[in-house]
Amino acid sequence: MTQTKGIVYLSGPISSNLAGYHEDFHLARMLVEKAGYTPVDSCFLPLGLKESDYMRISLAILEAADTVVALKDWTKSQGAQIEWAYAQRTGKQRMTLAQFCEINNVLASPADLEVGKREKAG
């Protein structure tokens with residue numbers, strides 16, 4: 001088993017970004033791995049489940065993480081907002097992808113660094 005610095009749950013819009021979420025999450029996974037962490041997310045789930053099922057499964061995955069990293073436009077996603085609030089309630093570290101990259105000195109293209117920058121972490 002490969003040892004990493006920790007597990008990072010990626011949170012962001014999926015149902016409101018069907019055309020682009022695979023690319024956004026793929027980029028975030030690469031940046032998290034580059035920093036030495038293990039990324040987890042719910043992107044592997046098939047379309048067609050009930051919203052409540054997506055939430056239950058996503059929160060179970062999030063439970064395994066130490067940190068939640070929010071992708072761009074996460075504030076526009078009700079599911080991502082719930083994940084963010086759940087992470088706060090359970091004492092997990094939370095930050096945007098831009099903050100994660102900065103803290104971990106992960107180099108990304110200028111466009112990548114804009115991911116999550118408009119939203120304030122709180």
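Modeller: Gladly. This is a predicted model. In helix H3, the buried residues are Gly79, Ala80, Glu83, Trp84 and Ala87.

Colleague: What makes you say that the buried residues of H3 line one face of the helix?

Modeller: Viewed along the axis of H3, the buried residues fall within an arc of 140°, so they line one face. Turned away from that buried side is a face that carries the exposed residues Gln78, Gln88 and Arg89. The elements covering the buried residues include E1, helix H2 (51–63), strand E3 (67–70) and strand E4 (93–96).

Colleague: How do you know what span to expect for H3 at 1.5 Å a residue?

Modeller: The expected span is 1.5 Å times one less than the number of residues. H3 covers residues 78–89, twelve residues, and 16 Å is expected. From its first C-alpha to its last, H3 reaches 16 Å, close to that expectation. Just after H3 comes Gly91, with a positive phi of about 75°.

Colleague: What makes the pairing of the Ser11 and Glu83 side chains a polar contact?

Modeller: The limit for the N or O atoms is 3.5 Å. The side chains of Ser11 and Glu83 make their polar contact at 2.5 Å. Glu83 is also among the buried residues of H3.

Colleague: And Gly12, why does that residue count as buried or exposed?

Modeller: Gly12 has 10% relative accessibility, so with buried set at under 20%, Gly12 counts as buried. Gly12 sits in the loop between E1 and H1. Leaving aside neighbours within four places in sequence, the contacts of Gly12 are Phe25, Leu71, Trp74, Ser77, Ala80 and Glu83.

Colleague: Which residues touch the most other members of the largest nonpolar core?

Modeller: Val8, Leu10, Val69 and Phe100 do, in a core of 18 residues. E1, helix H1 (21–34) and helix H4 (97–103) each supply at least two residues of this core, and H1 gives the most, with six. Beyond its neighbours within four places in sequence, Phe100 is in contact with Val8, Leu31, Val32, Ala35, Tyr37, Val69 and Met95. A second, separate core has twelve residues, including Leu59, Ile61, Ala70 and Ala87.

Colleague: Last one: why are Asp73 and Asn105 labelled as they are for accessibility?

Modeller: The exposed label needs over 50%, and partly exposed lies between that and the buried range. Asn105 has 68%, so Asn105 is exposed. Asp73 has 22%, so Asp73 is partly exposed. Asp73 lies in the loop between E3 and H3, and has a positive phi of about 65° although it is not a glycine. Asn105 lies in the loop between H4 and helix H5 (110–113), with a positive phi near 50°.

Conventions. Residues are numbered from 1 along each chain as its sequence is written. This is a predicted model: local features need pLDDT of at least 70, side-chain atom pairs count only at pLDDT 80 or more; totals for chains, interfaces and linings use all residues. Side-chain values use heavy atoms; hydrogens and water are left out. A polar contact is a pair of N or O atoms within 3.5 Å; within protein, one must be able to donate a hydrogen and the other to accept it, and residues adjacent in sequence count only if both atoms are side-chain atoms. A nonpolar core is a set of buried Ala, Val, Leu, Ile, Met, Phe, Trp, Tyr and Cys residues joined through side-chain atoms within 4.5 Å. Buried means under 20% relative accessible area, exposed over 50%, partly exposed in between (1.4 Å probe, protein chains only). Helices (H or I, at least four residues) and strands (E, at least two) are DSSP runs, numbered from the N terminus. Contact means heavy atoms within 4.5 Å. The arc is that of the directions from the helix axis to the C-beta atoms.
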